[in-house]
Amino acid sequence: MEEDTPSSRTPSRVRRSFLERLFSAQSLKLQPEDVVPVAVIALGRYLSEEQPDEQHPDVYSYDVTLTDGVWRAKCFLHRSLNHLVHRNILRTGADVSITQCSFVYNERRLGHGYVRIEEVKCGSKSSGVLRGVRDVQGLPLLLKHGMEIMALRTDVPLQVTRKHYLALWNNDDPEGTAWTPHAPAADAVLDVSKISLVSDLESYGTIRWRPLPLLVRIIHKSRLRYYGKFGLTIEFPYQAYFEVADQSGTMSLVLWNELCPEWYHRLNVGAVLYLQNYSLKQSYPNRTRPHMDHHRMRSFHSVEICLNARNPVSLVTVVPPKSVLPQWGLPGVAYQFTPRSELENLANKSSCDLIGLVTFVGRVERVRCKANKGAERYCTYRWVHAVDGTSNHPFILEMFSSSQPDIFNQISPMTYLVCTQMRVCQVDGSPPYLTSSCETEMLITGHHKGRPYVSEPAVKSFLQWTKTLKDSVVLQKTVVGGQYCFPPAPRTFTQSAADGSTPLIPLVAAADLKKELESLQYRERKRIAIQGQIMAVQYLKYPQSTGRDNQQVPDGSADAVPDTHTDHSTETLTTGETSADGDRLSWESGVWPKLRQEVSEHVRDGGLYPDSVAQRFTFDEKERLLQWSTLQPSQWAPEQSTDAVPAAFRPGYYRTTVLGINNQMAIDAAFFPVAWSGDPRAVGLPQEPHGNTMLSCLSSGFLCPLSDSMRHSDGTLPEPEEVLATAAELEDTHFVCVLDLCNLGGDEVEILINKVYRVSDISLV
């Protein structure tokens, strides 16, 4: 594609476009008088050249690619605006207005510079600019006069010392065209007359020697590990572990740095490799390893095989399957598929593989990863339910990103899912669940062909069972998205009497709650607990409109946090009793009118957002549902819908006001009880019968008995008036309230009550 500069292209328009005027300005600092919206079509994240400090602690920088419908241009985002990306306020597919920017020349590099965005206003979720753009990549790339050499760097960061982009929301997924896609292995002539065995390598240790070639099969593959940090000069600081085997045993192989983009997608489980010019080094003792007892082979752990791009230059050949000879004696890939009916029998932290039919896929969320050093990072994960016909209970799967974004983001109900090297988590009072490991590989329908497990008896048995199913019946039990967290909060809230620690759920001061909310980044989830009293409960028949489609964020310095303004004139609750007001039913404590005047801050979010409610899955809505439940993409595409997925059913919920134990801060939180048996949250939830009082519902998390209908049309559930009629028992009672927090993007912060504990449910140990 031909790149242009403003001076090299004769415009047919009387008035130049906004970006054209921006790039042709003579002044280095510009505050446009006639600000025109431009659309964000790409966001690129990478390790910053600038050292983090207290004012700007973020270690990453962002490039923003914009279009005005005529040109497209890549700009650098001033790091004071990074928080707009962190909260998904500045996002692809939306319009922004640049109110101040500068042109920055690279003083150490000829012909290099960029526009730095310093002040910006973020517009509505739906872009007006992109409505008239059919092929965004077909738009000419705008460059400042004299900077034409930068046309050769379209897929690399504007900061020249960085050579690649990271995935927008985690560090585990490969991003960009630098990563060579998988391709069938080409025919090659191999000399296997003189080769080393894996067992020989341990005796050589790490001494310098000229190794003989290795002929091995990959039996496990880890996700990518990014180890970049400020000051590190390695261009591609990645590594990936593989477990390889020959007839003598197994050993770890490490793919280092530049070889990761070239080979990671091409080295798959089951592939046979012919390796030359590798090196050996002492194994790193503190890394995770796959469980391989079922392979029944000897494992060598003192050294590991290293493949490098230099010193020496390693040579890697993937042997085509048709060229693999039986006389080489290479072991096959072994699996340990476990049916759901036997999961309870497995030991905690043991390993297993599974195959199942997906019935529930949760939204993708993020959690801050624990790291002793290096750049701060987030892990992305989602919850999945899958059935295999051997039990009435599904597999409950906590699926972390496995450097397979094309699969991770496409997991949907009605697909066949295979997961390897999952770890068993046995939980007191709840069914076991499985969590992925660093070596987990996930495959879905469309990716199974040619995989080593297709001939496994467990796989054949599963496929035979699926032939007995009717799609129309299974579809009635499939859902996507919504708030979900497992395992349920424990029956008893425990705290150490010695140091006050709460090992399962952190207990925070109410005064620190706002800080917790402000620190949340896009789709980041936290579970916390606070002490306090419940002052008021409102039942809202339908969720309140969030207005997010027409929302205007004032400027680039605005913080997207819940409204903490206290406005007593809007309060309409009836003191000390239950009242009805249109579609709202409410109860209020008799002491709340007085205590409310003493509250210094009241976090007034507490709504139930459409993103909090799981949706029925249909094949017609599959793409929209998947887009809705995954994260905002780093690249805009025409098929990227900006419309919220319409809720097929919007249940009522209880907006609950909790006053901190010191009466200084209050918070509104939504209580959204489980009400029907098909709700994914019902799986594993202790369901002892209770009296459907307000307190018993808050303590248990569900209405009793659960309805068989999503719309509760069978008449088995209590009416909200009946539940609220019992709310007086909340009066003057000290509770510990467990809250699930999640930033849904922009100013939408989900605050849900998961469970409340009475004093009798609290234990000091």
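Biologist: Which residues of helix H10 (residues 622–629) are buried?
Modeller: Leu625, Leu626, Trp628 and Ser629. Buried means under 20% relative accessible area, exposed is over 50%, and partly exposed is in between, with a 1.4 Å probe and protein chains only. Helices (H or I, at least four residues) and strands (E, at least two) are DSSP runs, numbered from the N terminus.

Biologist: What kind of model is this?
Modeller: It is a predicted model: local features need pLDDT of at least 70, side-chain atom pairs count only at pLDDT 80 or more, and totals for chains, interfaces and linings use all residues. Residues are numbered from 1 along each chain as its sequence is written, and side-chain values use heavy atoms, with hydrogens and water left out.

Biologist: Cysteines next. How many disulfides?
Modeller: One. The rule is a pair of cysteine sulfur atoms within 2.5 Å. Cys369 and Cys379 form the disulfide, with sulfur atoms 2.0 Å apart. Cys369 sits in the loop between strand S16 (365–368) and strand S17 (378–387), while Cys379 is in S17, 10 residues apart.

Biologist: Are Cys369 and Cys379 buried or exposed?
Modeller: Cys369 and Cys379 are both buried.

Biologist: New topic. Where does Leu43 lie?
Modeller: In strand S2 (residues 38–47). Leu43 counts as buried, at 6% relative accessibility.

Biologist: What does Leu43 touch?
Modeller: Leaving out residues up to four places away in sequence, Leu43 touches Asp63, Val64, Val85, Leu90, Arg91, Thr92, Leu168 and Ser634. Contact means heavy atoms within 4.5 Å.

Biologist: Where is Val85 found?
Modeller: In helix H2 (residues 82–86). Val85 counts as buried, at 1% relative accessibility. Its contacts include Leu43, Leu77 and Trp169. The C-alpha atoms of Val85 and Gln521 are 8.9 Å apart, though the two are 436 residues apart along the chain.

Biologist: Why is strand S6 (residues 113–122) largely enclosed?
Modeller: Because seven of its 10 residues are buried.

Biologist: Which way does strand S5 (residues 95–105) run against S6?
Modeller: Antiparallel, with nine bridges joining them. Tyr105 stands opposite Gly113 in S6. Two strands pair if DSSP finds at least two bridges between them.

Biologist: And how does strand S4 (residues 72–77) pair with S6?
Modeller: In the parallel sense, over two bridges. There, Phe76 stands opposite Arg116 in S6.

Biologist: Now the whole chain. How many helices and strands?
Modeller: 12 helices and 35 strands. Of the 765 residues, 55% count as buried. Among contacts between residues at least 6 apart in sequence, 74% join residues at least 24 apart.
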